[in-house]
Amino acid sequence: MSKPRIHILALGGTIATRPDATGAMQMGLGADDLVAAVPLLSTVAEIGAETVSRVGSHSLGFEHLHALAAKIRGIDADGVVVTQGTDTLEETSFLLDLLLDLDIPVVVTAAMRNPSLTSADGPGNLLAAVRVAADPWVRKHARALGVVVAMLDEVYAAADVLKVHPTRLNAFASPQTGPLAALPEDRVVPLSLPVRDAMNATHARLGKVPGGAGLPIALLWMSIDEPGRLIEAMIAAPDHLGYRGAVIGAMGGGHTPERATDTLIRLAAAMPTVVSPRAGGGPLLEKTYGGPSSEIALRQAGLIWGGRLHPLKARVLLETCLRAGLDRKAMTELFAAWN
Ligand code: ASP
């Protein structure tokens with residue numbers, strides 16, 4: 001039986017670094033280098049490899065991901081693997097999931113330990129990602145799975161995966177839902193399929209999303225006794241400093257410090273402002289608490305209720321809604337699908 005054709009697209013990141021003369025790790029390796037380091041890949045799939053960029057994921061822009069999505073749409077293969085840095089993987093994989101609705105697997109992977117270290121995880125993660133993309137269960141359920149992330153022998157849904165540690169090997173997790181599959185030995189063991197109702201509703205609503213440079217979206221984390229002065233400055237500044245929308249990392253089930261609440265309500269009048277849980281995801285409350293900075297008051301005041309998405313993912317979704325030209329009502333309805 002012929003092996004599945006898996007196309008690897010390399011963006012950069014720790015997985016693609018090499019040491020310079022001082023020993024500091026610099027971007028440098030391309031897709032061919034990554035493939036050459038893992039001879040077992042050819043036993044799993046027929047491999048195609050392409051270097052898209054040599055950029056750290058902390059420096060990627062929305063425009064890079066839109067161009068990548070367009071490239072993936074045009075690839076003739078049975079599955080696609082994207083290698084990149086870990087820093088923004090929770091955002092990039094979700095954006096790819098918003099932009100792609102394909103019936104072939106798209107698997108994103110990366111590395112925490114660089115190639116110069118003992119027990120670097122890049123080669124193992126690349127092999128695992130290709131195994132996932134080539135796996136019959138994954139291929140059968142590719143559309144139901146959406147874009148997935150393979151790290152340290154687990155597979156995660158793009159809407160849920162988070163980077164939960166800056167340095168350790170097991171830096172990725174889906175705290176809300178757990179992994180979709182595990183990779184013991186040389187097998188992919190299916191564990192669950194993600195609930196995709198909100199993503200499917202989002203795809204239907206977004207339609208074809210134009211590419212191009214990212215729109216500035218402010219991410220504003222609420223914390224104890226926050227006075228909201230930077231937000232005041234943003235509201236008062238000409239053109240609101242260029243910001244087109246804002247995401248509030250709200251406390252608990254959707255609360256903000258009372259002293260900043262009037263400011264936030266004025267911000268929501270100035271630009272679409274999405275409330276999202278700073279606790280890292282999970283459904284927000286809608287109708288439990290009263291008082292001026294409660295979820296009931298904030299919803300009535302016109303803040304968009306962000307639902308279960310982590311603020312980083314809510315920000316990606318808001319940017320995508322804005323570039324798709326959705327009005328405030330459509331955005332509010334779309335975000336409600338995620339609660
Ligand atoms: N800064 C790197 C990046 O995201 C870190 C990594 O790959 O782990 O590209």
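Helix 9 and helix 10 run roughly parallel to each other, since angles under 35 degrees count that way and theirs is about 25°. This is a predicted model, and besides that helix pair there's a second one to look at, plus a ligand with its shell of residues.

**Helices 9 and 10**
- Helix 9 covers residues 229-236 and helix 10 covers residues 258-270, and the two pack with their axes 10 Å apart.
- As for handedness, helix 9 makes a left-handed crossing past helix 10.

**Helices 8 and 13**
- Helix 8 (residues 197-206) and helix 13 (residues 328-336) have axes that come within 9 Å and cross at roughly 160°.
- That angle makes helix 8 roughly antiparallel to helix 13, because anything over 145 degrees counts as such.
- Here too there's a handedness to note: helix 8 and helix 13 cross in a left-handed way.

**Around the ligand**
- The ligand sits among Gly13, Thr14, Gly56, Ser57, His58, Gly85, Thr86, Asp87 and Ala111.
- Sort that shell by type and you get 7 polar residues, 1 nonpolar and 1 charged.

**Polar contacts and burial**
- Thr86 puts a polar side-chain atom 2.4 Å from an oxygen atom of the ligand.
- Asp87 also uses its side chain: an N or O atom there is 2.7 Å from a nitrogen atom of the ligand.
- With Ala111 it's the backbone that takes part, a polar atom of it lying 3.3 Å from a ligand oxygen atom.
- On its own the ligand would expose 260 Å², and the protein buries 87% of that.

Technical notes: Residues are numbered from 1 along each chain as its sequence is written. This is a predicted model: local features need pLDDT of at least 70, side-chain atom pairs count only at pLDDT 80 or more; totals for chains, interfaces and linings use all residues. Side-chain values use heavy atoms; hydrogens and water are left out. A residue is near a molecule or strand if one of its heavy atoms lies within 4 Å of it. A polar contact is a pair of N or O atoms within 3.5 Å; within protein, one must be able to donate a hydrogen and the other to accept it, and residues adjacent in sequence count only if both atoms are side-chain atoms. Accessible areas come from the Shrake-Rupley method with a 1.4 Å probe; for residues, only the protein chains shown count as cover. Ala, Val, Leu, Ile, Met, Phe, Trp, Tyr, Cys and Pro count as nonpolar, Asp, Glu, Lys and Arg as charged, and the others, Gly among them, as polar. Axes are lines fitted to C-alpha atoms, for helices over the stretch in contact, and angles run from 0 to 180 degrees between N-to-C directions. Helices (H or I, at least four residues) and strands (E, at least two) are DSSP runs, numbered from the N terminus. Angles under 35 degrees count as roughly parallel, over 145 as roughly antiparallel, 65 to 115 as roughly perpendicular and the rest as oblique. A crossing is left-handed if the near helix is turned anticlockwise from the far one by less than a right angle, and right-handed if clockwise.
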